[in-house]
Amino acid sequence: MSDVNGSVPAAATPVRRSRDVPMLVDRARAGDHRAVARLITLVESGDETLPAIAAALAPYAGQAQVVGLTGSPGVGKSTTTNELVRALRARGRRVGVLAIDPSSPFTGGAILGDRVRMQDHATDPGVYIRSMSSRGHLGGLSAATPQAVRVLEGAGCDVVLVETVGVGQAEVEVASLADTTLVLLAPGMGDAIQAVKAGILEIADVFVVNKADRDGADATVRDIQGMIALGERGPGEWRPQVVRAVAVRGEGVDDIAAAIDKHRGWLVEHDELRRRREARAAAEIEAIALGVLRARIGSLRDGTQLPALAAEVAAGATDPYAAANTLLTQLTR
C-alpha cells in the first residue's frame, strides 16, 4: 500500500490483527491504508484500546474539514460524493470518505454498496473510503462515526466526507458532526409543502438539487429558495446556498465545491467553526459518558439492587424518581 507520495511505508509489523496503538497511528500518519482500516475497525468494535486511540489522535483533532452529505434515498448521495472526491483530488486535497449504510434489523448485516459505487478512486493513494454499517443507530450515522472521523483526521486527510444513510425529515445527526452540511434533493420527491417542513431541511448549509436535468427541477429550486426567504436571520448570518447539479455527468460539482468553500470562509470569519467544533466535542463527551452509565446500569441488572428497587416501586413502597436517585448514587460510587 503506497502513501500519498507513492512511496511504500516500512512494513515491519503486520497490522491486520495488531492492537499496538502507537505503531498503528504512526503508520496511518505515513499513509498506510491498512493501519487506518485497523484503527477504524478497533473503533467500530468498541475495543478496549479505544481510549488509547483517542489519546493518540487528540493532537490531530480539528485539522480536517468535515462535510456531511444527507438526503432521502435515491437523490444521488453516493454519486455526488464520488464526484466531489474527484473535484477535491484535482485540487490536491487528501480525502477521506465515511459512507454509512443501513443494517438489517433482522440479521444485523449490511450491503456496503456505497463503497462499490466509488471504485473510481480505489487505487488512488490520496483517497481513503470506508463503508460503515449503521448497526441500528438512528440519525443516519453509525455510533462510531465521530471517532472514525478522528482517525481520518489523524491519517492526514484534508477533507472528510460523511455520507449518511438515506434519511427522513427528523434524522439530523450529521449536522452536529459536520462543519458544512449538504442536503441533497431531487425533482419529483415532494412538493412545496414538503420543502417547508421542519427537520432535515433546516440543517442545510448548502442545498443541492441533483438530477437537475429532470422535469420539475426549476420548481424544486423555487420551493427551496422560497423556504430560505421565509427564514429569520440576523445581520451576517449564513444564508443557505442552492446549487443545481447532475452528478452522474459531473455537472455542477465545481459549484458545489465552491459553495462549500464559501461556507468555510464564513465559518472562519464569524468564529462559527470554533463554536461548532466545541459543540461537537461536547456531544462526543456526553455520548461517551452516557455509554459508560448504560454499561454500569447493565451490570447492575445482574446484581440485586436494581431488581430490589424495581420490586419496591411495583409494590408502592417508593416512587420511580426516588429509586432512580438511589440508583444514580450507587452508579457514582
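**Ground rules.** I number residues from 1 along each chain as its sequence is written, and side-chain values use heavy atoms, without hydrogens and water. Since this is a predicted model, I take local features only at pLDDT of at least 70 and side-chain atom pairs only at pLDDT 80 or more, while totals for chains, interfaces and linings use all residues.

**Helix pair.** I looked up α12 (residues 305–315) and α13 (residues 320–331), whose axes come within 10 Å and cross at roughly 165°. Axes are lines fitted to C-alpha atoms over the stretch in contact, with angles from 0 to 180 degrees between N-to-C directions. Helices here are DSSP runs of H or I, at least four residues, and strands are runs of E, at least two, numbered from the N terminus. The two helices are therefore roughly antiparallel (an angle over 145 degrees). I noted the residues in contact (heavy atoms within 4.5 Å): Q305, L306, L309 and V313 of α12 meet P320, A323, T326, L327 and Q330 of α13.

**T49.** I found T49 in the loop between α2 (33–44) and α3 (50–57). T49 is buried (under 20% relative accessible area), at 11%. Its side chain makes a polar contact with the side chain of D47 at 2.7 Å; such a contact is a pair of N or O atoms within 3.5 Å, one able to donate a hydrogen and the other to accept it.

**Positive phi.** Most residues other than glycine have a negative phi. I checked K211, in the loop between β6 (206–209) and α9 (217–230), and its phi is positive, about 55°. D271, between α10 (253–269) and α11 (272–301), has a phi near 60°.

Notes. Parallel < 35°, antiparallel > 145°, perpendicular 65-115°, else oblique. Buried < 20%, exposed > 50% of the residue type's maximum accessible area, 1.4 Å probe, protein only.
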